[in-house]
Amino acid sequence: MKRGMKRAQMEAMGLAIIVILLFLGMLFVVRFVFLKPVSDYKEDYTRTQLASNMISTLLETNAAECMGLSFKDLFIDCATIKTINCEGVSSCNFARDKTAFIFDNTLGEWKKSYEFNAFLVEDDPVINIGSCARSDDITSKTFPVPTAVGGATLYLKLDICVL
Amino acid sequence: MALRKSQMKMFESVAVLIIFFILLVFGFIFYGNVAKHRIRTDIQEAIQLQAIEVAQRVSFLPELICTSGEEIENYDCIDLLKLDMASQIMNESKESYHDILGYTTIRVKEIYPSNREWELYSNPLGENKLSSFIPTLLYDARGSGSCSGVGRGRCSFGVLIVEVYSS
């Protein structure tokens, strides 16, 4: 009787071990198959390309309301000599308003948060649009633009972020 | 007494078999779900890669890109003179473009200074689609002034919108 009980206990123990092993196996599968994040190739690609293309396209765009000058000329004037006047508006205000309009109608419409800065010295931007201050997930692109004024270089930086 | 014992043994065997089959069924259901999940993830990734591929192909289409001088090509730039003709030709010869563009809708939208839109190619399939937006220069050689990097004319800010459909 005692021997029979011992055998039954051993069998129960064996079953319990099998159940525990199965459970661990299932946990392993759940962890590495179901909870594995889906690779978002498109998002990674889009954000990197987007930041780069946005600035390069913006720089070459002609401002119809400002003698057909390119935005590159307007940004350079804004950061250096500030002589260009676009129908009574300074180059800085004109470039800021139109850049904000373009970004709102593109990045804003695609539900992407952004921060744009144009600066000679990073701590003192001449143009600042949007904010990524509260974000940890930022894709950034900086374009250096030579100004030909005292050898200074203007930097245009666009951050695309997830808030 | 012996009969009862053998009956008990038989019941035990049947119970073990039932439990075995129940576990087997659970195993199959679990494996099925894992496989389904993995296939769905693979399909999603394949569609994303396809969307990137098509977007790349469209932005390098010789029917659209700007040229300055004789043969120098400017990528990320669409020639508006070419665009007007390309939108007619591409929609008229959908079968020829199907091999390279598949089930997609391609549009070009001018953001600044004006707000025009062109539909280049439309070959939709179902409701599911992935959209890609590519900022691009729109070059108009008829405009006055100069567009640096391309030539005489006017450059405006536009977006190439590529929507890839997945059934």
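In the predicted model, B:Asp79 counts as buried because its relative accessibility is 9%, under the 20% limit that applies to this class. The residue lies in strand S2 of chain B, which covers residues 72–79. Apart from neighbours within four places in sequence, the contacts of B:Asp79 are with B:Leu64, B:Ile65, B:Cys66 and B:Tyr139. The C-alpha atom of B:Asp79 is 14 Å from that of B:Ser146, and 67 residues separate the two in sequence.

Elsewhere in chain B, helix H2 (residues 80–92) packs against helix H3 (residues 94–101) at an angle of about 95°, and the two axes are 6 Å apart. Helix H2(B) is therefore classed as roughly perpendicular to H3(B), since the range for that class is 65 to 115 degrees. On the H2(B) side the packing involves B:Met90, B:Asn91 and B:Glu92, which meet B:Lys94, B:Tyr97 and B:Leu101 of H3(B).

Chain A contains an open sheet of four strands in the order S4-S3-S6-S5, paired in the antiparallel sense. Its edges are formed by strand S4 (125–130) and strand S5 (137–146) of chain A, each of which pairs on one side only. From one strand to the next, the twist averages 10°. Helix H4 of chain A (residues 91–108) packs on this sheet and touches S3, S4 and strand S6 (153–162) of chain A; the direction of the helix makes about 25° with that of S4(A).

The strand pairings can be followed across the sheet. Strand S3 of chain A (residues 113–119) is joined to S4(A) by five bridges in the antiparallel sense, and within this part of the sheet A:Phe116 stands opposite A:Ile129 of S4(A). Seven bridges connect S3(A) with S6(A), again antiparallel, and A:Asn117 has A:Lys157 in S6(A) as its bridge partner. Between S5(A) and S6(A), which run antiparallel, there are 10 bridges; A:Asp137 is paired there with A:Val162 of S6(A). The hairpin of S5(A) and S6(A) has six residues between its strands, and A:Ala148 in this hairpin adopts a positive phi near 65°.

Helix H4(A) also packs with helix H3 of chain A (residues 71–79), at an angle of about 135° and with the axes 8 Å apart. The angle makes H3(A) oblique to H4(A), and the crossing of the two helices is left-handed. From H3(A), the contact is made by A:Phe71, A:Leu74, A:Phe75, A:Asp77 and A:Cys78; from H4(A), the residues involved include A:Ser91, A:Cys92, A:Phe94 and A:Ala95.

The largest nonpolar core comprises 40 residues, and those with the most contacts inside it are A:Phe75, A:Phe103, A:Leu107, A:Phe116, A:Leu156 and A:Leu158. Helix H4(A) supplies the largest share of this core, seven residues. A second, separate core has 23 residues, among them B:Leu61, B:Leu83, B:Val108 and B:Val164. In soluble globular proteins, nonpolar side chains tend to be buried together.

Conventions. Residues are numbered from 1 along each chain as its sequence is written. Chains are lettered from A and ligands numbered from 1 in the order in which they are written. This is a predicted model: local features need pLDDT of at least 70, side-chain atom pairs count only at pLDDT 80 or more; totals for chains, interfaces and linings use all residues. Side-chain values use heavy atoms; hydrogens and water are left out. Two strands pair if DSSP finds at least two bridges between them. Axes are lines fitted to C-alpha atoms, for helices over the stretch in contact, and angles run from 0 to 180 degrees between N-to-C directions. Contact means heavy atoms within 4.5 Å. A nonpolar core is a set of buried Ala, Val, Leu, Ile, Met, Phe, Trp, Tyr and Cys residues joined through side-chain atoms within 4.5 Å. Buried means under 20% relative accessible area, exposed over 50%, partly exposed in between (1.4 Å probe, protein chains only). Angles under 35 degrees count as roughly parallel, over 145 as roughly antiparallel, 65 to 115 as roughly perpendicular and the rest as oblique. A crossing is left-handed if the near helix is turned anticlockwise from the far one by less than a right angle, and right-handed if clockwise.
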